[in-house]
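Hi,

Here is the structure I promised to pass on. Have a look at it first, and my notes follow below.

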Amino acid sequence: MSEEQKHTLEERIAFVAKHYRENSLDVEKAWHKFASERHIRRVFRFPAWAKGMAAAMLLLIALGCYLIYRNNQPDWVLITSASGKVTEVYLPDSSHITLASGSELRYDAKSFGDAERWVEMKGKAFYRVKRLEGCPFTVSAQSTRVTVLGTSFLVREDVRNVEVQVKSGRVRFEAGNHQELLTAGMSARYSAEEQQIQVEKEENENLLSWQNRELVFRDTPLPRVIHDLELCYDVRITNRKSASDSLRLTATFRDMSLDEVLTVINQTLDIVLKEE
């Protein structure tokens with residue numbers, strides 16, 4: 001660079017230094033003015049690798065949200081027993097359940113057996129539960145719960161009551177603030193109207209009559225006869241002729257229709273039992 005060029009450059013620098021004020025130059029504004037005068041449009045383009053990374057991140061976030069949602073959702077298995085049919089069910093823990101006609105059972109297959117075994121039911125079912133220490137088995141029916149480790153028992157629910165009958169082992173029967181421990185041969189009934197649990201210690205040998213169609217009465221009081229008939233044939237029965245509850249019946253019925261059984265009982269006790 002010649003001496004003359006150096007002198008000219010120094011003069012220009014001195015001029016700029018003399019007149020410059022901090023923050024007085026708005027570069028963005030100057031660019032917009034320059035671009036608008038020349039019809040220039042500034043476009044910022046993401047590089048291809050950045051677009052790919054952003055898409056991958058969005059996909060991972062969406063997948064993570066879905067997995068969190070999916071893991072928090074139950075995976076319900078619903079089993080129903082058609083009218084007039086008894087259904088045999090085996091659960092993942094090898095417990096065996098016999099569902100009566102018109103009954104249903106459901107459970108969350110995703111969590112079943114993790115810390116507990118929980119099933120919900122409607123209708124009537126007989127349970128043979130495999131014993132697993134530290135993993136209780138609970139049956140939920142209406143507002144009641146039956147909890148066991150390993151045993152066999154019957155649960156029957158309708159709009160009025162929930163009934164539990166124990167064939168072997170022990171179960172805990174809970175309803176609201178009420179709780180009863182039942183052992184083999186005992187039964188209990190919870191009334192939604194009375195909100196109480198009534199316990200009976202006498203064994204009922206007609207526990208499985210709805211499966212084998214065999215009813216045995218040995219000097220059995222009339223209220224128990226009616227109860228066992230309802231249990232066996234899954235009906236409601238009323239006595240349309242005034243009769244004392246002290247009446248007792250001794251009889252055995254094997255593979256007979258309800259009409260045939262009612263005819264024999266009515267003639268024997270001189271009463272009028274009818275299906276509602």
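Let's start with Asn-206, which counts as buried because its relative accessibility is 1%; buried means under 20% relative accessible area, exposed over 50% and partly exposed in between, using a 1.4 Å probe on protein chains only. Before going on, please note that this is a predicted model, where local features need pLDDT of at least 70, side-chain atom pairs count only at pLDDT 80 or more, and totals for chains, interfaces and linings use all residues. Residues are numbered from 1 along each chain as its sequence is written, and side-chain values use heavy atoms, with hydrogens and water left out.

You'll find Asn-206 in the loop between strand 14 (196-200) and helix 4 (209-212). Helices (H or I, at least four residues) and strands (E, at least two) are DSSP runs, numbered from the N terminus. A polar atom of the Asn-206 side chain sits 2.8 Å from the backbone nitrogen of Val-216. Leaving aside residues up to four places away in sequence, Asn-206 touches Glu-214, Leu-215, Val-216, Phe-217, Asp-228 and Leu-231, where contact means heavy atoms within 4.5 Å.

Next, helix 6 (residues 258-269). Its buried residues are Leu-258, Val-261, Leu-262, Ile-265, Asn-266 and Leu-269. Seen down the axis of helix 6, they fall within an arc of 125°, so they line one face of the helix; the arc is taken from the directions from the helix axis to the C-beta atoms. That buried set packs against helix 5 (222-233), strand 16 (237-239), strand 17 (248-254) and strand 18 (273-275). On the face turned away from the buried side, helix 6 carries the exposed residues Asp-259, Gln-267 and Thr-268. Just after helix 6, Asp-270 takes a positive phi of about 55°.

Gln-142 also has a positive phi of about 55°, although it is not a glycine. Gln-142 is in the loop between strand 7 (137-141) and strand 8 (144-148).

Finally, the largest pocket. A pocket here is an open set of points on a 1 Å grid over the protein atoms alone, where a 1.4 Å probe fits, with protein on both sides within 12 Å along at least five of seven lines; lining residues have an atom within 4 Å of a point. The largest pocket is lined by 37 residues, and Arg-189, Glu-200, Pro-223, Arg-224 and His-227 lie nearest its centre. Helix 5 gives the most to this lining, with seven residues.

Cheers

Note on methods: A polar contact is a pair of N or O atoms within 3.5 Å; within protein, one must be able to donate a hydrogen and the other to accept it, and residues adjacent in sequence count only if both atoms are side-chain atoms.
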